[in-house]
Each structure stands twice: as C-alpha cells, then as structure tokens.
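Here are my notes on the model you sent over.

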Amino acid sequence: QVFVILHLGAMASLTPDHGEQLVKFAAEDGPLLEGLLHVTGTSEVAVVCLHPHPLMGGDMYSAVVGGVVKALGKLGITTLRFNFRGAGASQGTHTKGDKEPLDVAGAVAFLKEQVKAKRVLVMGYSFGAAMAASYARQRPGDLDAVVAVAPPPTEDLTRVTKPMLVLAAEHDEVMPVDKVEEAAHKASAEFRIVPGADHMFYFGCHEVATAASEWVAGWVTSAAKL
C-alpha cells in the first residue's frame with residue numbers, strides 16, 4: 001500500500017501540553033521510539049494517538065493529534081502520542097506502513113505494562129488512521145476501539161471489527177469522502193463529516209477534538225456497564 005499525503009495540518013504546537021512527559025519505549029521489533037505520555041487520575045482507559053505521514057512533515061506535534069490529546073486530558077483520559085520510526089528522535093526508518101503497526105503494538109504494550117491500562121483505544125489521523133486500521137485488523141484482541149480521522153479508504157478500514165468512529169473532512173481533497181463513508185459503513189462504524197474542513201483541518205481542528213473526545217468518553221461509559 002502507498003500512502004501519499006500528509007503533513008502537519010492546522011498549526012502544530014512543537015511543545016508538550018501541560019502534564020505530558022517525554023517517554024521512550026520499544027516498537028515490537030526493537031526500534032526505540034519517543035513519545036509524550038499524559039497520565040490522568042485513572043489510567044484504566046488509555047488512548048494511543050497516531051500522527052500523519054512522517055515523510056510529509058507529520059509527527060506527534062500535529063495540531064489534530066495535539067487537539068485530541070488535550071481534549072481527552074480534560075475528560076480525565078490517559079493518552080500516549082509518539083513519533084513513528086524514523087520521525088523526530090525515534091529510531092529506525094520509515095517503511096511505508098509495512099512495519100509501523102509494530103510501533104503501535106509497542107505503544108499499546110507500554111500502556112498496558114507500564115501504565116497498567118486495562119482498555120486501550122487507538123486514534124489516528126490520515127496515515128496514522130491507516131496504521132490504526134491496519135493494527136486493529138491484524139491484532140483485534142489487543143485493542144478495544146478505534147477513532148479514524150480522515151483515513152484512507154483501505155481494505156483494512158473496512159475490516160475493523162471493533163467499535164469505531166470515522167471522521168471525514170467535508171472538503172477533503174485527498175481522501176474521497178464518499179469512499180471513506182462507504183468503507184466506514186462496511187465496518188459498521190459511526191461516520192461523521194466535519195463541516196467546512198479540508199484534509200489539513202485548518203478549519204475544523206477543534207471540531208475533530210470535540211467529536212473524538214466525546215465519542216471516546218461515551219464509549220468508556222458504555223464499556224463500564226458491560
């Protein structure tokens with residue numbers, strides 16, 4: 001698979017949000033990755049947040065990812081955002097989506113082993129959304145739900161079996177909205193359109209953060225009743 005797009009989107013903040021701490025953890029196949037961890041009062045539920053394409057300027061400081069992290073933190077939900085292999089100070093080289101799901105696996109394992117998270121969700125933006133879908137398809141038993149923002153309409157997306165929210169930009173010039181909606185429906189995912197937004201979310205970044213965080217909070221409430 002080839003993922004052609006992505007950059008920072010909106011205006012990225014190159015500093016950690018209040019409460020985040022720099023951490024290091026290993027991808028499942030070994031490369032050491034850098035991340036920012038925000039642990040709230042309870043860490044029973046945690047969210048891994050995945051950034052857009054590293055070859056197009058994407059990293060963990062993406063404004064879309066940062067906005068979701070901040071919104072989740074306000075709701076008391078632990079988060080971990082990190083740089084994929086080859087991005088920032090993370091070791092390794094970019095593999096066009098081949099081995100990046102192993103980075104996600106390392107992040108999930110870190111949250112379960114070091115933070116003692118019992119339920120882990122994965123959120124991703126664009127390339128990050130593709131990696132979230134790929135990981136969810138390959139390892140459905142290792143995560144609990146997915147949030148995909150402006151995802152490529154890949155076969156992986158259609159085969160996600162976990163609860164999933166798919167957010168599409170109304171004027172996405174990269175990921176055809178009708179194709180994304182079709183893929184979301186095949187996966188029985190909840191599908192929403194962010195009005196006025198394009199793929200970069202110069203407009204709509206706040207709406208993404210609100211929709212994603214509220215959906216995650218609703219999922220947490222529902223899961224607690226099971």
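1. A word on pairing before the strands come up: two strands count as paired if DSSP finds at least two bridges between them. With that in mind, look at Val-48, which stands opposite Val-122 in β5. Strand β5 covers residues 119-125, and β3 pairs with β5 in the parallel sense over six bridges.

2. Keep in mind that this is a predicted model. The mean pLDDT of the protein chain is 92, and 92% of its residues reach 70 or more. The stretch to treat separately is residues 1-11, where pLDDT stays under 50. The model does have 51 contacts beyond four places in sequence for residues 1-11.

3. What does β3 have on its other pairing list? β3 and β4 run parallel and are joined by four bridges. Here Ala-46 has Thr-78 in β4 as its bridge partner. To get from β3 to β4 the chain passes through helix α1 (residues 63-74), and this β-α-β crossover is right-handed.

4. How many of the six residues of β3 are buried? Six of six, so to speak: strand β3 (residues 45-50) is mostly covered. In a regular strand the side chains alternate between the two faces of the sheet. On one side of β3 sit Val-45, Val-47 and Cys-49, on the other Ala-46, Val-48 and Leu-50, and all of them are buried. Both faces of the strand are covered, then.

5. Leaving out residues up to four places away in sequence, Val-48 touches Leu-80, Phe-82, Ala-107, Val-108, Leu-111, Val-120, Leu-121, Val-122 and Met-123. For Leu-80, which is 32 residues from Val-48 along the chain, the C-alpha atoms of the two are separated by 4.9 Å.

6. Next, the aromatics. The count comes to five aromatic pairs. One of them is Phe-82 with Phe-84: the ring centres are 5.4 Å apart and the planes stand at 75°, so the pair is edge-to-face. The cut-off for that label is over 60 degrees. Phe-82 is buried at a relative accessible area of 1%, and Phe-84 is buried at 0% relative accessibility. Phe-82 and Phe-84 also belong to one aromatic cluster with Phe-25, Phe-110 and Phe-127. Phe-82 is also among the residues that Val-48 touches.

7. On to charges. Side chains of opposite charge can pair when their charged atoms come close. A search of the whole structure turns up 10 salt bridges. I'd start with Glu-20 and Arg-81, whose closest N and O atoms are 2.6 Å apart. This pair links distant parts of the chain, 61 residues apart: Glu-20 is in the segment before β1 (21-26), while Arg-81 is in strand β4 (residues 78-82). Are the two partners buried or exposed? Glu-20 counts as buried at 12% relative accessibility, and Arg-81 is buried with a relative accessible area of 2%.

8. Another salt bridge to check is Glu-28 with Arg-139, where the closest N and O atoms are 2.7 Å apart. The partners are 111 residues apart, with Glu-28 in the loop between β1 and β2 (32-38) and Arg-139 in the loop between α3 (127-138) and β6 (145-149). Glu-28 is partly exposed, at a relative accessible area of 45%, and Arg-139 counts as partly exposed at 23% relative accessibility. Asp-142 comes in here too: Glu-28, Arg-139 and Asp-142 are linked in a network of salt bridges.

9. Lys-186 counts as exposed, because its relative accessibility is 55% and the label applies over 50%. Glu-182 is partly exposed, with a relative accessible area of 39%.

Technical notes
Residues are numbered from 1 along each chain as its sequence is written. This is a predicted model: local features need pLDDT of at least 70, side-chain atom pairs count only at pLDDT 80 or more; totals for chains, interfaces and linings use all residues. Side-chain values use heavy atoms; hydrogens and water are left out. A salt bridge is a side-chain nitrogen of Lys or Arg within 4 Å of a carboxyl oxygen of Asp or Glu. Helices (H or I, at least four residues) and strands (E, at least two) are DSSP runs, numbered from the N terminus. Buried means under 20% relative accessible area, exposed over 50%, partly exposed in between (1.4 Å probe, protein chains only). pLDDT is the predictor's confidence in each residue, from 0 to 100. Contact means heavy atoms within 4.5 Å. A crossover is right-handed if, with the strands pointing away from the viewer, the path from the first strand over the helix to the second runs clockwise. Rings of Phe, Tyr and Trp (its six-membered ring) pair if their centres lie within 6.5 Å; planes under 30 degrees apart count as stacked, over 60 as edge-to-face and the rest as tilted.
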